[in-house]
Amino acid sequence: MGVLTALFDDAEAGRSGAIVLRGEAGIGKTVLLETVSELAAGRGMATVAVSGVEEEAPLGYAALHRFLRLFPGSVDALPPPQRDALRVTLGLVAGPPPDRFLVGLGLLTLLADGAADAPLVMVIDDAQWLDPESGTVLGFSAHRLQAERVVMVFAAREVDEGLPWLRTLPELRIGRLNRSHAAELLSSATSGFVSPGVEARLLDAGGGNPLALVEVARQLTPEQMAGADVLPDPLPAGGSPNQLFTRRLEGLTRSARLLLAAAAAEPTATKRLVSTVTRRLGAHPDDFAGLDDLVSFGDIVQFRHPLVRSVAYYGVPSSERRRIHRELAHAMDSPQHADRVVWHLAMAATGPDERVASRLEQAAHRMRARGAYAATAVLLQRAADLSVGEHLRTDRLLAASEAALVAARPDQARAMLAEARGPADARQAASARRLSGQALFAVGATDDAARELLAAAKALMTLDPALARQTLLQALIASQFGTSAVFEEVRSFTTTITEADLAPGGPLGVVDLFLFGFLRRFAGDAEEAARLLRRAVSELERSERSDELRVAIPPMVPALAGTELIDDRVAAVTAHSYAEFARQAGALTVLPNALIVLARVAIIRGRFEDTELALTEADQLARATGAPGTPDFGASQRIFLLCWRGDEVQAAAQAAVLEAAGRRPSPGGDLVAGHLALLDLSKGRYQDAFDRLVPIVDEDRLSLGTMMLADFVEAAARSGRYAEATAALDRLTARAVAGAVGLGLGRLARCRAFLADDDQAEAHYRASIEALADADAPTELARSRLVYGEWLRRRRRRRDARSELNAAYDMFAGMGAHGFAERARIELSATGASVRKRTAEAAGSPSLTSLTAQEKQIASLVADGYTNSEVAAKLFISPATVDHHLRKTYQKLGVSSRTQMARVLGQLT
């Protein structure tokens, strides 16, 4: 109990925490949760409880709905976006499907409010049986707990493949009892005398499982326990709690078993409902008697142990279970129970039934409208099972697969597609391949994904040209992260088609503009590619459907466009708008990727602390949402940052970790290799940089092939590989001129200087510095001043060289680019100058380095004028956590008000 006591102590001190109690069935998790509740109550803490129920899995947010009944009226007091999300989720009002993580934020706020007067302890039993949506929001809340005085204790078995968040919480393993502890339990569970011989037999039979031990003892008479009567042989144990409960229920009358099965089939069943149903099945209310050790008949029928529910339900024949479901549907038939009624009808069906299948499809639409996509998938899959006709069945399986993909369940989506492999028309076959490709990409099978998406796009060209264009764009994106072979397959196809082949037949939409822009890029038409991509980005930002488009088009697409235009402002603006949309809508599958793009922009702009903030938040959100990391762009950007900071050891170590885990982005065009090449350049290892960059530049993938051109020209020119440098410069010239912005033109001028004669080089260096000075790209500007200073020194113009090298050194040192700063320092020393050391901050003065990443983030938002509640909503934490971190920030900065803090932050940044 020490771990749990520590969590209680933390809660009383103002901190929150969560833990998972993990162990086999019957090992004592439920009893331990009861003890947790008793201990919490003894310390004056409020307690609430909810359990997962296997039969509720198809009903989205079912467990959350039951839990919110414990907080009547509290939903109405939530901030409007969270309040509306929960209302739509619960089916109380109509509205757009809310993101499940916005629902999770609403739950987090509700828990924090519930702990306002005293710490709150929430216990969640049988977490492995939570319906997917409820599990997701509960897990999200558990990961975002910080300073709310809330403790969440989950109990779960090993079966939790569908709840990845459960595996990322702290765990406490509950093992079997040793013999002495088992003997103590037996003694406490029995009131009479237990002979030593009987005790030994019982301990052997229990096998260290507490529930098995207690249940065996309950089935023996006092005389048998005392050794005065013969023990049954074998003992009623079998080593399994399930077998023990099965034997217990086998001793009941048929009517009693039907009664228990009816209660098990409907988790919200009242005693009245169970009486009504079992009476229609031929049972009598008197059969309630004698079941108190198995169930309690309060407002809702509750089983003494979750295993009893399972054994009670499956302990009657399937024909009886179907009768129970049919009678439950009849007894519950009302609009407020519409979804539960149709599920009972589905469970009662014995074969294809189009009437029930149609009602299941309608229920699935209701679930989708509430954002319960996992439940949508399950209902549509069952509708497919009951469909009359193969065409309808396939349509419903395809729709189920698509819902599973939205619910971030790609393996389930693929399983549903496998069921749909029967006869299908051409449109269904193409749709199946499109969904298969999306599922494969989601699990990291990028080669197979690109091939499936390409095949689907080809098939859809005559069936649905608009969907074909969207699918081809997805194939292009997938191929960027695949092997060289699949990349060449997709690129080769794009060279055989024209825009006319894709039959836009009207104004180009945003997806079309991105697609055709990338196709023009592959065709070598840099000017037309730039025109289309700029238009795509502009229309994405200005469209009345911007939010809808941001869901359909991942943030990496406009980021790729920005890199092709050599314009980090495009990436910055679009990623910022994606992030703002995600924060408002709770779209946390979008936000981490937008933050990673913003992290890269911050590196180019020399704001390494902003990069750390963005990457830290992206990592935290990815863990909280259980998002699959394939490929791991966040880790690659950390390596990029380490390379800029000159930390060679850490950069190499993290690259090796990614390589070993198979998570290194783009195996054919290696993003990490490009980052390590930058580190080589900072150290003057030009041949090493050249060797890393050759395959990247030769393949010339989207984004990566353009991003690395300037570094390649420098590495090639400094290695004496002038032919390769000249060819790359020609490619860079076309793209930078087409992009026509300071970043691209500044890089181009610097590269021209590397290959120019002495009488022309200086003009190019100056042009580079002038262009980059207006581009908000300090890293690139400092690099141009560095190489210009080096060029000046080699021409013995020491005074001019010192000016440029000093400027470069100050910029690099100021932003923390230690590798390049050291290179500048060495060059300065070669001019005979003594390098001016940057002075450290005075002792005791306020410093941003004393703040944690989250404190900096909160302080920055507060300084921008946001209230605590608004900051909490943006960062998906509770207002209590914001207040906690704000007080610590005041103390560290030596201020006492928001105004003072904003002023100090302005001075330090």
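Me: Let's begin inside the protein. Which residues of the largest nonpolar core touch the most other members?
Reply: The general idea is that in soluble globular proteins, nonpolar side chains tend to be buried together. In this predicted model, the largest nonpolar core has 244 residues, and those touching the most other members are F67, M152, F154, L260 and F514. Apart from that core lies another, of 17 residues, including L861, V871, L875 and M901.

Me: If I click on L260, what is it in contact with, leaving aside neighbours within four places in sequence?
Reply: You will find L249, L252, L291, L294, V295, F303 and A312 in contact with L260.

Me: On to the rings. How many aromatic pairs are there?
Reply: The count is 14 aromatic pairs. One of them joins Y313 and Y314, with 4.9 Å from centre to centre and 90 degrees between the planes. That angle is over 60 degrees, so the pair counts as edge-to-face.

Me: Are Y313 and Y314 each buried or partly exposed?
Reply: Y313 is buried, at 6% relative accessibility, whereas Y314 is partly exposed, at 47%. The cut-off for buried is under 20%, so Y313 falls below it.

Me: Why is the pair F514 and F518 stacked?
Reply: The planes of F514 and F518 are at 25 degrees and the ring centres are 6.4 Å apart, so the pair is stacked. Both residues belong to helix 25, residues 510-522, where being 4 residues apart separates them by about one helical turn. F514 is buried, with 0% relative accessible area, and F518 is buried at 0% as well. You have met F514 already, among the core residues that touch the most other members.

Me: Which residues form an aromatic cluster?
Reply: F101, F140 and F876 form one such cluster.

Me: What can backbone angles tell me?
Reply: Most residues other than glycine have a negative phi, and most peptide bonds are trans. R149 has a positive phi, near 65 degrees. Look for R149 in the loop between helix 6 (132-144) and strand 4 (150-156), where R149 is partly exposed at 22% relative accessible area. Another case is A740, whose phi is positive and near 55 degrees. A740 sits in the loop between helix 38 (722-739) and helix 39 (742-755).

Me: How do I compare distance along the chain with distance in space?
Reply: Take A689 in helix 35, residues 686-699. A689 and L678 are 11 residues apart along the chain, and their C-alpha atoms are separated by 7.1 Å. A689 is buried at 0% relative accessibility, and apart from neighbours within four places in sequence, A689 is in contact with A677, D680, L681 and A715.

Me: What about L549 and A369, in sequence and in space?
Reply: L549 and A369 are 180 residues apart in sequence and 18 Å apart in space, C-alpha to C-alpha. L549 belongs to helix 27, residues 546-552, and is buried at 5% relative accessible area. Beyond neighbours within four places in sequence, L549 is in contact with V510, L540, S543 and Y578.

Technical notes:
Residues are numbered from 1 along each chain as its sequence is written. This is a predicted model: local features need pLDDT of at least 70, side-chain atom pairs count only at pLDDT 80 or more; totals for chains, interfaces and linings use all residues. Side-chain values use heavy atoms; hydrogens and water are left out. A nonpolar core is a set of buried Ala, Val, Leu, Ile, Met, Phe, Trp, Tyr and Cys residues joined through side-chain atoms within 4.5 Å. Buried means under 20% relative accessible area, exposed over 50%, partly exposed in between (1.4 Å probe, protein chains only). Contact means heavy atoms within 4.5 Å. Rings of Phe, Tyr and Trp (its six-membered ring) pair if their centres lie within 6.5 Å; planes under 30 degrees apart count as stacked, over 60 as edge-to-face and the rest as tilted. Helices (H or I, at least four residues) and strands (E, at least two) are DSSP runs, numbered from the N terminus.
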